[in-house]
Amino acid sequence: MAIQIKDLEQLKVMRRAGLLVGQTLQLLRENIKVGMTTDALDAIASANIKRGGGTSNFLGYHGYPKTICVSVNNEIVHGIPGSRVLNDGDIVSIDCGAIIDGWHGDAAFSIGVGNVDPADQKLMDVCEESMWVGIAAGKNGARLSDIGHSIEKYVNSQGTYGILQEYGGHGIGTEMHQEPHVLNFGKAGNGPEIIPGMALAIEPMITRGSAKTKVLGDNWTVVSTDQSRGAHFENSFVICPDGKPFVLTSLDGGKIELLRQGIEVSDLLI
Ligand code: MF3
Ligand code: CO
């Protein structure tokens, strides 16, 4: 399968899906607190996706049982919501997706609850910034591996972190996971050229220790083998027909964050 190229009309539908994901994550950000269960977060997301006219792309995906992934502390991605109660100082990664009219959105963020260890906060900040650095590197005319190269270079400039190798970003469109796979590390200048109509989910996953992971007995939860804490940020972005990027899952289309990286976002999807 070749990389799916979307036209402006299709991107407008993808923006609706992406915005619903962004709004759902914002709602979770506002409501997460010490003492709540991860299932309570799932219920908020499920209700909001329904209210917004979307459906969940996670629910039923290879048998996945919930609407979002909630990964706590040494869990890095794909944690399954349940009766676990959030404790003071936990760091929580929440991943959410939605479908509207057949088009997918996918995004994630990490956040601390209660009193957060400054080293955990730095882990999350580095991960988030690396996502923006990666999106900024995914310019019209760049090569795919420029994204992962920039992410790796930024993360390594900030300290000693493990960058997960077995998981990465992906194309997104009429399926949640499409070609190409987007590594969060590697040499620059390789892979397909990034061109208008390409939509990519960029999702760095890093730990305070080793990048080695294993999957728990629930067949989903990815944890670091050294028990170090992890962070995960994700946004889906597109190169618009005018050659400028637009972050489909950001409330402002990525305008403020990409401007900080020296990049102007397209106004075609506003
Ligand atoms: N959203 C994840 C990703 O970024 C995939 C979640 S898998 C699921 O690729 F089964 F939980 F949906
Ligand atoms: Co994804």
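I began with helix α3, residues 118-137, which has 20 residues and reaches 28 Å from its first C-alpha to its last, close to the 28 Å expected at 1.5 Å a residue. The expected span is 1.5 Å times one less than the number of residues. I take helices (H or I, at least four residues) and strands (E, at least two) as DSSP runs, numbered from the N terminus.

For the record, this is a predicted model: local features need pLDDT of at least 70, side-chain atom pairs count only at pLDDT 80 or more, and totals for chains, interfaces and linings use all residues. Residues are numbered from 1 along each chain as its sequence is written, chains are lettered from A and ligands numbered from 1 in the order in which they are written, and side-chain values use heavy atoms, with hydrogens and water left out.

**Helix α3, continued**

I checked how covered α3 is. I found 14 of its 20 residues buried, so I noted the helix as mostly covered. Buried means under 20% relative accessible area, exposed means over 50%, and partly exposed is in between (1.4 Å probe, protein chains only). I then looked at the N-terminal end of α3. Asp117 caps it, with a side-chain oxygen 2.8 Å from the backbone nitrogen of Ala119.

**Ligand 1**

Which residues are closest to ligand 1? I found 13 residues around the ligand, the closest being Phe58, Asp106, His177, Glu203 and Glu234. A residue counts as near if one of its heavy atoms lies within 4 Å of the molecule or strand.

I went through the polar atoms next. Asp106 places a polar side-chain atom 2.9 Å from a nitrogen atom of ligand 1. Glu234 has a polar side-chain atom 3.0 Å from an oxygen atom of the ligand. For His170, I noted 3.3 Å between a side-chain N or O atom and an oxygen atom of ligand 1. A polar contact is a pair of N or O atoms within 3.5 Å; within protein, one must be able to donate a hydrogen and the other to accept it, and residues adjacent in sequence count only if both atoms are side-chain atoms.

**Aromatic rings**

I searched the whole structure for aromatic pairs and got 2. The rings of Phe58 and Tyr64 have centres 6.5 Å apart and planes at 80°, so this pair is edge-to-face. The rings of Tyr64 and Trp220 have centres 4.9 Å apart and planes at 80°, so I logged that pair as edge-to-face too. Rings of Phe, Tyr and Trp (its six-membered ring) pair if their centres lie within 6.5 Å; planes under 30 degrees apart count as stacked, over 60 as edge-to-face and the rest as tilted.

Where do Tyr64 and Trp220 lie? Tyr64 is in the loop between α2 (38-51) and β1 (68-72), and Trp220 is in the loop between β10 (213-215) and β11 (222-224), so the pair ties together parts that are 156 residues apart in sequence. Phe58 and Tyr64 are both buried, and Trp220 is buried as well.

**Strand β1**

I found 5 of the 5 residues of β1 buried, so the strand is largely enclosed by the rest of the structure. Ile68, Val70 and Val72 point one way from β1, while Cys69 and Ser71 point the other way. I see β1 paired with strand β3 (residues 91-100) in the antiparallel sense over 5 bridges. Strands pair if DSSP finds at least two bridges between them. Val70 stands opposite Ile94 in β3.

**Backbone angles**

Most residues other than glycine have a negative phi, and most peptide bonds are trans.

Asn73, in the loop between β1 and β2, has a positive phi of about 60° although it is not a glycine. Is Asn73 buried or exposed? Asn73 is buried, with a relative accessible area of 9%.

Asp101 has a positive phi of about 45° and is not a glycine either. I placed Asp101 in the loop between β3 and β4 (103-112). Asp101 is exposed, at 61% relative accessible area.

I also logged a cis peptide bond from Glu179 to Pro180, with omega near 0°. Pro180 lies in strand β7 (residues 178-182).
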